[in-house]
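Could you walk me through this model in my viewer, one selection at a time? I would like to know what to pick next and what is there.

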Amino acid sequence: MSTVRRAAVLGSPIAHSLSPVLHRAAYAELGLGHWSYDRFEVDEAGLPGFVEGLDSSWAGLSLTMPLKRAVIPLLDEITGTAASVEAVNTVVLTEDGRRTGDNTDIPGMIAALRERGVEKVESAAVLGAGATASSALAALAEICTGPVTAFVRSRERGDEMRGWGDRLGVDVRVADWGRAGEALHAPLVIATTPAGTTDSLAAAVPEAPGTLFDVLYEPWPTALASRGARGARGLVPRERPPAP
């Protein structure tokens, strides 16, 4: 008899997450009838208690906002990819209790863009400055040959993005969020902000937009993606599955 294995996605808010649907379908396809996948509303304050309460039946966790950095002190180790941006979206749990953090946002973004024919760009723009934005910079380090403009709401966030750029070898230039409409003229725009944040930018989409990569999948399409449908491509969920 197979041992029951559990996994789940954590975050706040989390009700919108499609991860349970995706994982359960994958488990069924793979014949993993003894695997389950759920979702739990967990904020930064509640994360340590949740993690400490996991028993040996747990195989892994997917993490979305605001937990991608908050989880790091709770782990035994993180992969080089996760360490490069100090953001973890997947935790693999072993039966002896070890916790390993990984980041699949970075290879996921690169793969999704390549599937849509985006191999190299001369410049790009990033909307936002959170954990997903730093992962976007890491992806752009692989495919962008020129500057990346980060549109942010504060000087502190701008300094953070410049710091990530220095660390990742990306020429990051910072612009105030009030000018975010200018981002839509870039060959590639990666939107990393929460739902509703970019809705007001939809009217600024040019007649011939480049590639718009919006990490949101709920609601989908976003107002920005809908307006830019002539050139908008790509969608990557914020949380990723732990491997069976």
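Start by selecting E86, which sits in the loop between α3 (80-85) and β5 (90-93); helices (H or I, at least four residues) and strands (E, at least two) are DSSP runs, numbered from the N terminus. Look at its backbone: phi is near 50°, a positive value in a residue other than glycine. E86 has a relative accessible area of 37%, so it is partly exposed (buried means under 20% relative accessible area, exposed over 50%, partly exposed in between, with a 1.4 Å probe and protein chains only).

A word on what you are viewing: this is a predicted model, in which local features need pLDDT of at least 70 and side-chain atom pairs count only at pLDDT 80 or more, while totals for chains, interfaces and linings use all residues. Residues are numbered from 1 along each chain as its sequence is written, and side-chain values use heavy atoms, with hydrogens and water left out.

Now go to A70, in the loop between β3 (58-63) and β4 (77-78). A70 is partly exposed as well, with a relative accessible area of 24%. Not counting residues up to four places away in sequence, A70 touches E44 and L47, where contact means heavy atoms within 4.5 Å. Draw a distance from A70 to R155, 85 residues along the chain, and the C-alpha atoms come out 22 Å apart.

Next, show the prolines. Then jump to W220 and P221, whose peptide bond is cis with omega near -5°. P221 belongs to the loop between β11 (211-214) and α7 (223-227).

Time for the interior. In soluble globular proteins, nonpolar side chains tend to be buried together. Select V126, L137, L140, V148, M161, L188 and F213: of the 33 residues in the largest nonpolar core, these touch the most other members. Such a core is a set of buried Ala, Val, Leu, Ile, Met, Phe, Trp, Tyr and Cys residues joined through side-chain atoms within 4.5 Å. Colour α4 (105-115), β7 (124-127), α5 (131-143), β8 (148-152), α6 (155-168) and β10 (188-191), the elements that give two or more residues to this core. Among them, α5 gives the most, with 8 residues.

Centre on L137 and show its surroundings. Beyond its neighbours within four places in sequence, L137 contacts V126, V148, M161, W164, G165, L168, V170 and V172. A second, separate core has 18 residues, including V42, W58, A82 and V88.

S154 is partly exposed, at 26% relative accessibility.

Finally, zoom out to the whole chain. How many helices and strands does the protein chain have? There are 7 helices and 11 strands. The radius of gyration is 18 Å, close to the 18 Å that the globule rule gives for 244 residues, so the chain is as compact as a globular protein of that length; the radius is taken over C-alpha atoms, and the rule is 2.2 Å times the number of residues to the power 0.38. The C-alpha trace spans about 60 × 35 × 30 Å along its principal axes, and buried residues make up 49% of the 244.
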